[in-house]
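Subject: Structure handover

Hello,

Here is the structure I promised to pass on. Please open it first, then read my notes below.

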Amino acid sequence: MRYRLGLVAAVAAVAALTLSPAQEAQAQEKVFRYATTGDVLGLDPHSNNEGPTNTMKGNVYGMLIHRKPDLSLEPDLAVSWENVDEVTWRFNLREGVTFHNGNPFTADDVVYSFKRQTQETSDMSFALATIEEIRKVDDYTVEIVTKGPDPILLLNMPNFYIMDEEWTEENNAFEVVRGAGQTNFPNVNANGTGPYRVVEWVQDNRLVLEPFDDYWGKDQMMANIDRAVFTPIPNDATRVAALLSGEIDMMYPVPLQDVPRLQNEADVEVMEGPELRTIFLGFDQWRDELLDMPGSGENPFKDQRVRAAFAHAIDLQAIQRVVMRGASTPTGLMVAPGINGFVEELNTPYEYNPERSRELLAEAGYPDGFPVTLDCPNDRYVNDEPICNAVIPMLERIGIDVTLNAQTKSLHFNKIGRAEGNNTSFFMLGWTPGSYDSLNPLMQLMTTGEPGHGDWNSGRYSNPEVMALTQKIKTEMDPEERQAMITEAFRIHQEDVGHIPLHQQALAWGVRTDTVEEIIQRPFNDVDLRYVVMK
Amino acid sequence: MFAFIIQRLFQAVLVMLVVAFVSFALFQFVGDPVNNMVGQDATEAQREALRERLGLNDPVPLQFLNFVTNAAQFEFGLSYRLGIPVEEIVAQRLPATIELVLVSAVIALLVGVPMGVYTGLNRHSPLSKVFLTVSLIGISLPTFLIGILLILVFGVWLAWLPTFGRSGTVDLGWWETSFLTVQGWRSLILPGITLALFQLTLIMRLVRAEMLEVLRTDYIKFARARGLSNRAINFGHALKNTLVPVITIIGLQIGSLLAFSIITETVFAWPGMGLLIIQAIQFADIPVMSSYLVLIALFFVLINLIVDLLYYVVDPRLRIERGGAH
């Protein structure tokens, strides 16, 4: 008898364990559970500059101008704006807006946030680098004065997050703290004007958000969720399994090899779309002697014909088909469609023509090729190392002896970056302009030699014409003339073969169709909770 | 006994210093954390200032000295990735790992020891052959594969158990536990089994081998001759004498359970120390890495100390020697 009771108890225990309480709770409220590879870096809107972190900040904090999913701009905390003169912009602020703690939003908060975000320790200071000062005109009007004419000021405004002066001061958190010292209060607590407030954040475990009842735009918002739970799941297979089992409603990125499998599932949909990041290869164009050819006194990459030979030898279609399984868009430009300044006519990749490559190499005096090391990250971009592995035989076909040096991102970026003096001859890099404007890649990737230029121009490509154009593009206020100059700069860079653009990788999101009604995919790999509708 | 413990603790400090120094020497090869901490738009001046602030420009011995000085005052620095003090993170993560390790160790013991005894006593029974075959699988399949298989079967196909994470926790203020809710236990089962499987098979095979060895000895024969019951012989005499090596191995294995939990935690997105260290390595988060390694070294030393003390309990001969000769 005793044993039988034990058996009954065991069965009951198993039954209790296997019943899922999550499903019961779901009927009552709309909980959107989503997952990706890693957690956000922190909640302090002015501390980190990382795509997914910035999007999370955008769920919680308001900015003067918000960027819509199609990348166009819409009013957020500013209702309207105008140019007073070339360097002065007047912004009329929204009235009656409150922060999550109930404090009213006024012009003082804008001025305060500007001071906080422009500190040297703030990684977001780049977005406000062209601004001289922000001054309060009255409680609901501010004037932004730029250091010179700035045609892309508005494009940077979505990266300017507004904090509550009173709350920040109360918690003694004006200073943006990074790495050393005490914990930054706003990094683990949040108080914005955005549509969602942070309920709970257990780092690397879960971040729970709930709609802010007094959000000014509540009525226009398409989202209908009662709660959002964000969970980092680092392992690809686990993330796929969690989606299949219905424990989460949405996850990204879907590993490329799992895309067909998920598409065959009844209740799961894979949303694919282009991302804004352009992946490219670059060459050392400044050393007099190539690192891999010591004693020769030669750097073949200084010759445009050699660079062109490389460009014609790489079969972008094959990389797209085989390595990326179709999930990429081969490209001819250093910026993606959707970036301000993108030129459709120039977006044709270099023709794949190994025959021509061999001719060019022979003309340049390297009929038998030369040795070179390709520096490649192996944990940063989608299939980064396999792409490099695919490039190697393509180049060997034209006689180039390529050695692969694939390593983790923290080593790779140090080696090719300024930290080690651009210690590379041939490298892979990917870039999304933070401002969504072509000026940023022109400054960071395609020019060098002046402050603010060429931080990631690791091969130090340099053409005085491109530099002159870039300087003018910085301050040209007329959109058409500005576009003409951008087009010209891109054309010169393309003729010079300053870099070899490879592709824009594709986004792949896995969404459960039995719980999610609609979700808008933006060309970033992260979720703006303003655009999630549950069933 | 007291002197013995003191001596062991001194050894512990030495071991931890060596571990810390070796790890600092190794950190030079994991890369520069600054690039992970700042975005692509940070200027060179900002990067350099951050590097200086973090003390990364100091020579390695000085960085090590700073770490040891701070650690001696229980200050382990701020995580580069999470921006909060390391001791806070560890306090948050340690319960998750300890509970997981505890559950797996209990599973491994409660299942492994009886299975070992059974297969040792009934060498030729069909069930023993089944156990041995299964244990071969357990010992040869890598942990991540077992984990993913369990997820697939019990999480996706049967949908009985959660596939990831640690849910249903109750915060006791100083310890976040899964033990108090059904949901907590549910999420413990799969990772617990995954982590336990290797240890389970190891313990089973060890107990089996030891049992076979002991059953051949003279005193068992004498015990039989005395007409003792099978039960008294098998458990009272045979099993008890197999326990010294088993305890040694279990002690060492609990240490490696902590270490192996890296893989299990990554597969199950279990928010413990293992997941923490793997993410810290990817980010080159030096304060977390160094504190983790020192902490694990401390665990190993403590576990070995406990094992040594357990010998006294299990093996009466040690007690007598200590009392007499010295």
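Start at the end of one helix. H8(A) is followed by A:Gly246, whose phi is positive, near 85°. Helices here are DSSP runs of H or I with at least four residues, strands are runs of E with at least two, and both are numbered from the N terminus.

Some ground rules. This is a predicted model, where local features need pLDDT of at least 70, side-chain atom pairs count only at pLDDT 80 or more, and totals for chains, interfaces and linings use all residues. Residues are numbered from 1 along each chain as its sequence is written, while chains are lettered from A and ligands numbered from 1 in the order in which they are written.

Back to that helix. H8(A) spans residues 236-244 and is mostly covered, with seven of its nine residues buried. Buried means that 20 or more other C-beta atoms, placed from the backbone, lie within 10 Å of the residue's own. The buried residues are A:Thr238, A:Arg239, A:Val240, A:Ala241, A:Ala242, A:Leu243 and A:Leu244. Within chain A, they pack against strands S1 (31-36), S13, S14 (268-283) and S19 (499-512). They also pack against H7 and H10 of chain B. Contact means that the C-beta atoms of two residues, placed from the backbone, lie within 7 Å.

Most residues other than glycine have a negative phi, and most peptide bonds are trans.

- The peptide bond from A:Tyr252 to A:Pro253 is cis, with omega near -10°. A:Pro253 sits in the loop between strand S13 (250-251) and helix H9 (259-263) of chain A.
- B:Ala269 is not a glycine, yet its phi is positive, about 50°. It lies in the loop between H10 (230-268) and H11 (273-283) of chain B. B:Ala269 is buried, with 23 other C-beta atoms within 10 Å.
- B:Ala284 is not a glycine either, and its phi is positive at about 60°. Its loop joins H11 to helix H12 (286-314) of chain B. B:Ala284 is buried, with 26 other C-beta atoms within 10 Å.

Next, the two chains. Their contact takes 50 residues from chain B and 45 residues from chain A. On the chain B side, the elements giving two or more residues are H2 (33-37), H3 (44-53), H7 (143-157), H8 (182-215), H10 and H11. That side has 29 nonpolar, 15 polar and six charged residues. Here Ala, Val, Leu, Ile, Met, Phe, Trp, Tyr, Cys and Pro count as nonpolar, Asp, Glu, Lys and Arg as charged, and the others, Gly among them, as polar.

One helix pair in chain B is worth a look. The axes of H9(B), residues 218-225, and H10(B) come within 11 Å and cross at roughly 150°. That makes H9(B) roughly antiparallel to H10(B) (an angle over 145 degrees). H9(B) brings B:Tyr219, B:Ile220, B:Ala223 and B:Arg224 to the contact, and H10(B) brings B:Ile233, B:His237 and B:Ala238. By class, this contact has five nonpolar, one polar and one charged residues.

Last, the domains of chain A, with bounds from an automatic or database assignment. Domain 1 is 1-38 + 195-251 + 514-535, domain 2 is 44-181 and domain 3 is 275-506. The C-alpha centres of domains 2 and 3 lie 34 Å apart. In their contact, 10 residues of domain 2 meet 11 residues of domain 3. The domain 2 side divides into six nonpolar, three polar and one charged.

Best wishes

Note on methods: A residue is buried if 20 or more other C-beta atoms lie within 10 Å of its own, exposed if 12 or fewer, and partly exposed in between; C-beta atoms are placed from the backbone. Axes are lines fitted to C-alpha atoms, for helices over the stretch in contact, and angles run from 0 to 180 degrees between N-to-C directions. Angles under 35 degrees count as roughly parallel, over 145 as roughly antiparallel, 65 to 115 as roughly perpendicular and the rest as oblique.
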